[in-house]
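Have the model open beside you as you read.

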Amino acid sequence: VRSFILVGQTAVGSPDFSLDDLPGSSGRLDILLRALQSALLISHGLRRDTLAYLVLLGTPGCPSVVRVDGRVAEFLRPDERSLGGRIKNALGWKSIRQDFSEDRQGIAVARGGIELAIADLEGSTPFVLEEAGVDVRAAELTAEHPTFFVGDHLGFDRGTRERIERLGATAISVGPIRLHADQAIVVLHNELDRREPLCATTTPQ
Ligand SMILES: C[S@@+](CC[C@H](N)C(=O)[O-])C[C@H]1O[C@@H](n2cnc3c(N)ncnc32)[C@H](O)[C@@H]1O
């Protein structure tokens, strides 16, 4: 199982944004939606071996984490607007708690910050996608359950960076050029798929 923790420093943790203007109204949640799309969706299918966590830190006093579990998720469409609609809907559920107990069709939401995702992935091996990290082609990436932290347009805030360091995450670079988060994820998946094609099991939707 591969997991991605997508950290949105400014992305809103509430449903108060417009699908008609995602970049302008959601604190750049659109960046995380594209990253989610790259993490989970492939042509006519879903990566059934991948989980993605959207850590939404942009609403003061109300951080939220949305978990999308590719193993069981249903009806995920690849376009940003449709994915945005699913996340908006989930953020509006009445019964959201401080754990992932609220889970519908593979989408779960909890109130809290990055610690929720870290705790949910206890036992996994942490990596962080960083331009200056070890070249992915030379990296030891045989962990059964790797977790990859990915930043947004601002990268990582200092607190998050320190937390990732304390976890002992290995920094992995997918190349010498700074890419968008979604692009970096696609390259990483590709490198992993080439090593372990069976990981990329998919089910047509
Ligand atoms: C647009 S970049 C962040 C740019 C931000 N201004 C900064 O300086 O960190 C978004 C994320 O994509 C990932 N990323 C981008 N290029 C990468 C590369 N060449 N190798 C590994 N990860 C990369 C990193 O996780 C980064 O935080």
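Helix α2 and helix α6 (residues 181–195) have axes that come within 8 Å and cross at roughly 10 degrees. That makes α2 roughly parallel to α6, since angles under 35 degrees count as roughly parallel, over 145 as roughly antiparallel, 65 to 115 as roughly perpendicular and the rest as oblique. Keep in mind that this is a predicted model, where local features need pLDDT of at least 70, side-chain atom pairs count only at pLDDT 80 or more, and totals for chains, interfaces and linings use all residues. Residues are numbered from 1 along each chain as its sequence is written, and side-chain values use heavy atoms, with hydrogens and water left out.

**α2 with α6**
- On the α2 side you'll find Arg 34, Ala 35, Ser 38 and Ala 39, which meet Ala 181, Asp 182, Ile 185, Val 186 and His 189 of α6 (contact means heavy atoms within 4.5 Å).
- Sorted by class, the contact of α2 with α6 has five nonpolar, two polar and two charged residues (Ala, Val, Leu, Ile, Met, Phe, Trp, Tyr, Cys and Pro count as nonpolar, Asp, Glu, Lys and Arg as charged, and the others, Gly among them, as polar).

**α2 with α3**
- Helix α2 (residues 29–40) packs against helix α3 (residues 80–91) at about 105 degrees, with axes 10 Å apart (axes are lines fitted to C-alpha atoms, for helices over the stretch in contact, and angles run from 0 to 180 degrees between N-to-C directions).
- That makes α2 roughly perpendicular to α3.

**The ligand**
- The ligand is surrounded by 18 residues, and Leu 129 is one of the closest (near means a heavy atom within 4 Å).
- A backbone N or O atom of Leu 129 lies 2.7 Å from a ligand oxygen atom.

Methods: Helices (H or I, at least four residues) and strands (E, at least two) are DSSP runs, numbered from the N terminus. A polar contact is a pair of N or O atoms within 3.5 Å; within protein, one must be able to donate a hydrogen and the other to accept it, and residues adjacent in sequence count only if both atoms are side-chain atoms.
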